[in-house]
Amino acid sequence: NLTFKEIDLTGDYEARQELMQKTGQRTVPQIFVGDVHVGGFTDLRALHSKGELLPLVEDKRSSAQLTSPNNYNNADLTYARFAPQQWPRAAAACGL
């Protein structure tokens, strides 16, 4: 069972700029596992299809990175978006 945190950046220009600086991407969603930037939905799905998503999550859990106070959300996956209702489709497509 994966936990996730959805962050709505709609109307938050500074947070959007910070996300673009961190990822180099202007599109959404942008997904992180701990401090690892996975990419967007297509990247998440590809990681899952290759069987690499859950091992990445487990690795981050075992290193306590996901429960560290430095990880602002304490969730397995962080999902930053600008528009509502995108995450459920992405999660469902990966069987999460």
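Predicted model: local features only at pLDDT ≥ 70, side-chain atom pairs only at ≥ 80, totals over all residues.
Threonine 23 lies in helix α1, which spans residues 13-23. Is threonine 23 buried or exposed? The cut-off for buried is under 20% relative accessible area; threonine 23 has 12% relative accessibility, so it counts as buried.

Its side chain makes polar contacts with the backbone. A polar atom of the threonine 23 side chain sits 2.9 Å from the backbone oxygen of leucine 19. The side chain of threonine 23 also reaches the backbone nitrogen of glutamine 25, at 3.0 Å. Once neighbours within four places in sequence are set aside, the residues in contact with threonine 23 are Gln30, Phe32 and His37. Valine 36 is 13 residues from threonine 23 in sequence, and their C-alpha atoms are 10.0 Å apart.

The wider fold comes next. The protein has four helices and four strands, arranged along the sequence as β-α-β-β-α-α-β-α. Of its 96 residues, 41% are buried. Taking contacts between residues at least 6 apart in sequence, 61% join residues at least 24 apart. The accessible surface is about 5800 Å², with 48% of it belonging to carbon and sulfur atoms.

In soluble globular proteins, nonpolar side chains tend to be buried together. Here the largest nonpolar core has 10 residues: Ile31, Val33, Val38, Leu44, Leu47, Leu53, Leu56, Val57, Leu77 and Tyr79. Two or more of these residues come from each of β2 (30-33), α2 (41-49), α3 (53-62) and β4 (77-81). The most, three residues, are given by α3. Another core, of six residues, lies apart from this one and includes Ile7, Leu9, Ala15 and Leu19. Leu19 is also the residue whose backbone oxygen lies 2.9 Å from the threonine 23 side chain.

Residues up to four places away in sequence aside, leucine 47 touches Val38, Glu52, Leu53 and Leu56.

Which residues of α3 are buried? They are Leu53, Leu56, Val57 and Lys60. Viewed down the axis of α3, these buried residues fall within an arc of 100 degrees, so they line one face of the helix. An α-helix has 3.6 residues a turn, so residues three or four places apart point the same way. The cover over the buried residues of α3 includes β2, β3 (36-39), α2 and β4.

How values were computed. Residues numbered from 1 in each chain as written. Heavy atoms only, no water. Core = buried A, V, L, I, M, F, W, Y, C linked by side-chain atoms within 4.5 Å. Buried < 20%, exposed > 50% of the residue type's maximum accessible area, 1.4 Å probe, protein only. Contact = heavy atoms within 4.5 Å. Areas by Shrake-Rupley, 256 points an atom, 1.4 Å probe, with all protein chains shown as cover. Arc of directions from axis to C-beta. Polar contact = N/O pair within 3.5 Å; in protein donor to acceptor, adjacent residues only side chain to side chain.
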